[in-house]
Amino acid sequence: MSVERDQNVLVFAPIGRDGPATVELLRGSSLQAVNCRDLPELVSEIAAGAGAVFLAEEALFGKDTASLAQWIENQPPWSDLPFVVLTSHREQPAVMAWRRNIVALLRNVSLLERPVQPMTLTSAVQSALRARRRQYEIRALLAAREQTAQELEKLVVERTRALEEANEQLRLEMKERARVEETLRQAQKIEAIGQLTGGVAHDFNNLLMVISGGLDLLDRQTDPSRRRRLMDGMIQAAQRGASLTKQLLAFSRRQTLRPEPVDIATQIGGMRELLDRSLRGDVHVELDFPDQLWAVEVDPGELELVILNLAVNARDAMPNGGTITVRGENLPDLRDADIAGDYVRLSVIDTGVGMGPEILSRVFEPFFTTKDVGKGSGLGLAQVHGFATQSRGTVRIKSQVGHGTSIELYLPRSRNLASKQRHLIELNRMTRPKKDGQGQILLVEDDDEVAALVGEMLDQLGYQVTRAASAAAALGALADGRTVDLVFSDIMMPGGMNGVELAREIRKRRSDVPVVLTSGYAEAAIQEAEAAGIQILAKPYHLDELAAALSAAKPDGRSESGSKRLGSLLGS
């Protein structure tokens, strides 16, 4: 349908001179008029485009108007083609009925009765064309709206696709950021262990000297008091070695943050020797904690790493020696722009060279460092900032050139009892088991010296001990029908089956026999055991801790003989 045809006035008056005369009259009024000779031509021209139709009613007498009626019925929603119909003055009932049918067929009709003045006819046609032009405006608006809707839909599709791509990119970036953060944490732990290596090696050699020398002298001493002093010294050396080992493993392990209630004074006090090993002899550490310092909700291993990082930084800022003060303060109902509530402020204060504003503005940026190449990665304070943020706290730094630096961690107070306090309470509640028949225990340990010592401890607790040197030997001992009330096994053993796999196999064969595992360090196996709900006793352990673990493994935690099932420990 062209724009030119849209303005055509179609004339259908095939009888006499009405058709040509009307075309001439309309053209004289500057209107585009087309004379149609029959009804099919009229319908064809209407379909091609028309502004209005002028027809004489007699042109439709006796004609099949189905095609015309179909076109009118199928007009688009915006269209209502105007018809100007020239009628006669005849009033016969049949003619009147037929005329009403024609008006109903054509719908938008203006009737002109003969004789009609040229001006009246022209005016009626022009009026019809104006109405048609308004329809065309509606058509244009509808077309524009449809185009806009299509463009909008296309835009929505494009934006949706772009948003999906952006979301996917964001997910990839978040995943990469998590990986980088884990890499940074691990790199910082490795750097921290590097700082510790020399001091820890020296310290362990001293501990081994105390133990080996004490054992050498023990057999040569007959004085009970001197033998007691030697024993006490060796016990203390072993405890110090165990403490240092646990801290090193906590630093080196790859682990997710596991916040728990932590007693800051106890936690940091326990790493005093670790701090001493990391610092020079001319650097003194002071711990300043009030008696009623609140517990905080943090990951204890990460807290120790933060304090170690800050202590090493403080050491490097005091080339001529000085004092590092680690201070804790309760801040009830703290309110500021970043945090609100009860917080503990943990400060690490040095008397070093301090920093100017230009350095202070960048200290928390990853890899930013003022140290010489090879002396630092620039990860320490970035790790401190990440730890404080992940712990729902914040960190602030105060420094002045020549007057030292204070780094303050604000950590949220925990209303729960700190884990070490709970442990002490549990130990105080323990009762030493009686030295009578505690039952038959199968000890699975490949190291002869460790097996001898643990066997002695179990005997001291009142157990009858059968030892197996491997998991296969333990399964054989269970299969030969002997009475076993509990299995106590190391995790790491030769022979292709570790302690966790042994515990699962025992559950299949003898579900009535509980199992307790022990390990010095076996990260993957420990995680596997924890996932299976199997109890683990960490090496080294004391007699009371061994007694408590074995007692808890028995049914209902009671010390009694007989083969019972421990479903909670084996995950059944």
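Mentor: Two strands pair if DSSP finds at least two bridges between them. Helices (H or I, at least four residues) and strands (E, at least two) are DSSP runs, numbered from the N terminus. This is a predicted model, in which local features need pLDDT of at least 70 and side-chain atom pairs count only at pLDDT 80 or more, while totals for chains, interfaces and linings use all residues. Residues are numbered from 1 along each chain as its sequence is written, and side-chain values use heavy atoms, with hydrogens and water left out.

Trainee: How do you know that strand S13 pairs with S14?

Mentor: Six bridges join S13, residues 439-444, to S14. The definition asks for at least two bridges, so S13 and S14 count as a pair. The two strands run parallel, and Ile441 stands opposite Val465 in S14.

Trainee: Which helices pack on the sheet that holds these strands?

Mentor: Helix H14 (residues 448-460) touches S13, S14 and strand S15 (486-490). Helix H18 (residues 543-553) touches S13, S14, S15, strand S16 (515-519) and S17. Contact means heavy atoms within 4.5 Å. The direction of H14 makes about 165° with that of S14, and the direction of H18 makes about 130° with that of S15. Such angles run from 0 to 180 degrees between N-to-C directions, with axes fitted to C-alpha atoms, for helices over the stretch in contact.

Trainee: What makes strands S14 and S17 edge strands?

Mentor: The order of this open sheet of five strands is S14-S13-S15-S16-S17, with parallel pairing. Strand S14 (463-468) and strand S17 (536-538) each pair on one side only. On average, neighbouring strands of this sheet are turned by 25° against each other, direction ignored.

Trainee: Why are S2 and S5 placed at the edges of the other five-stranded sheet?

Mentor: That open sheet has the order S2-S1-S3-S4-S5, and its pairing is parallel. S2 and S5 each have a single partner strand, so one side of each lacks a neighbour in the sheet.

Trainee: Why is Ser489 called buried?

Mentor: Buried means under 20% relative accessible area, exposed over 50%, and partly exposed in between (1.4 Å probe, protein chains only). Ser489 has 1%, so the residue is buried. Ser489 lies in strand S15. Leaving aside residues up to four places away in sequence, Ser489 touches Val444, Gly499, Leu502, Val516, Leu517 and Thr518.

Trainee: What makes Ser30 exposed?

Mentor: Its relative accessible area is 71%, so Ser30 passes the cut-off for exposed residues. Ser30 lies in the loop between helix H2 (18-28) and strand S2 (33-35). The phi of Ser30 is near 65°, a positive value in a residue other than glycine.

Trainee: Why is Arg392 called exposed?

Mentor: The value for Arg392 is 54%, so the label is exposed. Arg392 sits in the loop between helix H12 (380-390) and strand S11 (394-399). Arg392 has a positive phi of about 65°, although this residue is not a glycine.

Trainee: What is the omega of the cis peptide bond that joins Arg114 and Pro115?

Mentor: Omega is about -15°. Pro115 is in the loop between strand S5 (109-113) and helix H6 (118-218).

Trainee: Why is H15 called roughly parallel to H16?

Mentor: Helix H15 (residues 471-479) and helix H16 (residues 499-509) pack at an angle of about 15°, with their axes 11 Å apart. Angles under 35 degrees count as roughly parallel, over 145 as roughly antiparallel, 65 to 115 as roughly perpendicular and the rest as oblique. H15 is therefore roughly parallel to H16.

Trainee: Which residues make the contact?

Mentor: H15 contributes Ala471, Ala474, Leu475 and Leu478, and H16 contributes Leu502, Glu505, Ile506 and Arg509.

Trainee: How many secondary structure elements does the protein have?

Mentor: The protein has 19 helices and 17 strands. Of its 572 residues, 42% are buried.
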